[in-house]
Amino acid sequence: MNEKKQLKYDMAYLKMAREWGKLSHCKRKQVGALIVKERMIISDGFNGTPTGFDNCCEDEEGKTKWEVLHAEANAILKVASSTQSAKDATLYITLSPCTDCSKLIHQAGIKRVVYANAYKDPAGLKFLEKAGVEIKYLPYE
């Protein structure tokens, strides 16, 4: 696919990830993720509590509860429980990944990450670059 067409698709999938993030019950940050392979969405996720838990993501002090799953982790776990594989896929995410999620991204075989906003700690992105994952920063229009 040529560069101009790829950019058009990247923007569209990133906008969809942003919409998906709006489904999150988290008050501090709503993060959305899509995993795309061969121009087909194979998984999606947003940050939130595990299935069967109260949807409230923050404690009384406004801090994120430890059990909250990140959007990309939810998307990867969804793929793991399906017949699909994330090998060689692209992850579209509204916030760049933390270190823990970066390990999951690498292990899942995702080869490309497109993100719109930078997480406070760039260590996750540095790990992915070291692992050979293509990184693309693409802020919203």
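This is a predicted model: local features need pLDDT of at least 70, side-chain atom pairs count only at pLDDT 80 or more; totals for chains, interfaces and linings use all residues.
## Salt bridges

The structure contains 6 salt bridges. Side chains of opposite charge can pair when their charged atoms come close.

One of the salt bridges joins the side chains of E19 and K22, with 2.8 Å from N to O. E19 is partly exposed, at 45% relative accessibility. K22 is also partly exposed, at 49% relative accessibility.

## A pair within helix 3

K103 and D100 form a salt bridge through their side chains, at 3.4 Å from N to O. Both residues belong to helix 3, which covers residues 99–108. Because K103 and D100 are 3 residues apart in this helix, about one helical turn separates them. K103 has a relative accessible area of 44%, so this residue counts as partly exposed.

## A pair between two strands

The side chains of R112 and E134 also meet in a salt bridge, with an N to O distance of 3.2 Å. This pair links distant parts of the chain, since R112 is in strand 4 (residues 112–117) and E134 is in strand 5 (residues 134–137), 22 residues apart.

The two partners fall into separate accessibility classes: R112 is buried, with a relative accessible area of 10%, whereas E134 is partly exposed, at 45% relative accessibility. Through salt bridges that share partners, D10, R112, E134 and K136 are joined into one network.

## The annotated binding site

An unreviewed UniProt entry lists H70, C98 and C101 under "binding site". These residues span 32 residues in sequence, but no two of their C-alpha atoms are more than 9.0 Å apart, so they gather at one spot. H70 and C98 are included in the lining of the largest pocket.

## H70 and C98

H70 is located in the loop between strand 2 (40–46) and helix 2 (71–80). With a relative accessible area of 34%, H70 is partly exposed. Leaving aside residues up to four places away in sequence, H70 touches F46, N47, C98 and C101.

C98 is found in the loop between strand 3 (90–95) and helix 3. The relative accessible area of C98 is 10%, which is under the 20% limit for a buried residue. Again not counting residues up to four places away in sequence, C98 is in contact with H70, E72, Y119 and G124.

Note on methods
Residues are numbered from 1 along each chain as its sequence is written. Side-chain values use heavy atoms; hydrogens and water are left out. A salt bridge is a side-chain nitrogen of Lys or Arg within 4 Å of a carboxyl oxygen of Asp or Glu. Buried means under 20% relative accessible area, exposed over 50%, partly exposed in between (1.4 Å probe, protein chains only). Helices (H or I, at least four residues) and strands (E, at least two) are DSSP runs, numbered from the N terminus. UniProt positions are given in the numbering used here, feature names are shortened, and annotations may be inferred rather than shown by experiment. On a 1 Å grid over the protein atoms alone, a cavity is a set of points where a 1.4 Å probe fits but cannot get out, and a pocket is an open set with protein on both sides within 12 Å along at least five of seven lines; lining residues have an atom within 4 Å of a point. Contact means heavy atoms within 4.5 Å.
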